[in-house]
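Trainee: New model on my screen. Can you walk me through it?

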Amino acid sequence: MNKQEFLLSLRKGLSGLPQDDIEERLSFYSEIIDDKIEEGISEEQALAETGSVDEIVSRIIADIPLTKLVKDKITPKRKLLAPEILLLILGSPIWLSLAVTVLAVIFSLYISLWSIVISLWSIFVCLAACSIGGVLVCVIFAVGGNTASGLAMLAAGALCAGLAIFAFFGCKAATKGTLILTKKMAIWIKNCFRVKEAAQ
């Protein structure tokens with residue numbers, strides 16, 4: 001694959017995005033390839049270092065704000081005629097309520113995912129607090145002469161500390177997974193707008 005084929009493939013992968021973004025990205029990657037060639041490496045090696053077209057397209061789509069895609073999608077390319085405006089007004093109780101419903105479902109799914117993560121971190125904080133509290137109560141019981149109760153509280157504190165360590169790694173993995181999942185959801189939503197526009 002040469003530079004022109006790479007740029008043509010990139011243009012095809014970005015179809016459906018706003019035209020100014022496509023041109024900006026194409027000129028950006030064209031300059032990157034030219035700079036690498038000027039440094040003395042071959043065109044094939046410069047393309048290999050730039051990365052695959054699929055990776056670049058995914059990165060670009062992730063970087064473009066959803067609001068920009070939606071605005072570009074819903075902005076009419078021509079002036080609307082009076083019958084079209086009338087149809088939009090008369091149909092607004094249907095399409096507007098459907099749009100609000102879809103947005104509410106997406107928002108509630110997003111909130112639900114993050115509320116699970118927040119709950120897991122709350123469990124971790126509670127376990128860590130119980131482990132510290134167990135050690136403090138152990139000291140209080142030991143000073144008061146109640147050694148058996150002090151040892152029981154120390155054991156409970158150690159158990160909570162061990163569970164807190166396991167919970168920390170679980171919470172960390174859950175947070176990372178939720179970040180990846182919500183990012184993929186955002187890219188999927190962006191692709192829905194992009195594909196619909198490309199199909200027109």
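Trainee: How do α1 and α4 lie to each other?
Mentor: α1 and α4 are oblique to each other. Angles under 35 degrees count as roughly parallel, over 145 as roughly antiparallel, 65 to 115 as roughly perpendicular, and the rest as oblique. Helices here are DSSP runs of H or I with at least four residues, and strands are E runs of at least two, numbered from the N terminus.

Trainee: Where does this model come from, and how is it numbered?
Mentor: It is a predicted model, where local features need pLDDT of at least 70 and side-chain atom pairs count only at pLDDT 80 or more, while totals for chains, interfaces and linings use all residues. Residues are numbered from 1 along each chain as its sequence is written, and side-chain values use heavy atoms, leaving out hydrogens and water.

Trainee: Back to α1 and α4. What is the angle, and how far apart are the axes?
Mentor: The angle is about 40 degrees, and the axes are 10 Å apart. Axes are lines fitted to C-alpha atoms, for helices over the stretch in contact, with angles from 0 to 180 degrees between N-to-C directions.

Trainee: Which residues of α1 and α4 make the contact?
Mentor: α1 brings Phe6, Ser9, Leu10 and Gly13, and α4 brings Val53, Ile56 and Val57. Contact means heavy atoms within 4.5 Å. By class, there are 5 nonpolar, 2 polar and no charged residues. Ala, Val, Leu, Ile, Met, Phe, Trp, Tyr, Cys and Pro count as nonpolar, Asp, Glu, Lys and Arg as charged, the others, Gly among them, as polar.

Trainee: And α1 with α2: what angle there?
Mentor: About 155 degrees, with the axes 10 Å apart. So α1 and α2 are roughly antiparallel. Their crossing is right-handed. The contact includes Lys3 and Arg11 of α1, and Glu23 and Asp34 of α2. It has 7 nonpolar, 2 polar and 4 charged residues.

Trainee: What about α2 and α3?
Mentor: Their axes come within 9 Å and cross at roughly 130 degrees. That makes α2 and α3 oblique. α2 passes α3 in a right-handed crossing. Among the contact residues are Tyr29 and Ile33 of α2, and Ala46 and Leu47 of α3. The classes are 6 nonpolar, 1 polar and 3 charged.

Trainee: Zoom out. How many helices and strands are there?
Mentor: 7 helices and 0 strands. Of the 200 residues, 24% are buried. Buried means under 20% relative accessible area, exposed over 50%, partly exposed in between (1.4 Å probe, protein chains only).

Trainee: How many residues does the largest nonpolar core have?
Mentor: 17, and those with the most contacts inside it are Phe6, Leu10, Leu14, Leu17 and Ile60. A nonpolar core is a set of buried Ala, Val, Leu, Ile, Met, Phe, Trp, Tyr and Cys residues joined through side-chain atoms within 4.5 Å. α1 (3-13), α2 (19-38), α3 (43-50) and α4 (53-63) each supply at least two residues of the 17-residue core. The largest share, 5 residues, comes from α4. A second, separate core of 6 residues includes Phe124, Leu127, Cys160 and Ala167.

Trainee: Last one. Is threonine 178 buried or exposed?
Mentor: Buried, with a relative accessible area of 10%. Threonine 178 sits in helix α7 (residues 147-199). Leaving aside residues up to four places away in sequence, threonine 178 touches Leu113, Trp114 and Val117.

Technical notes
Left-handed = near helix turned anticlockwise from the far one by under 90°.
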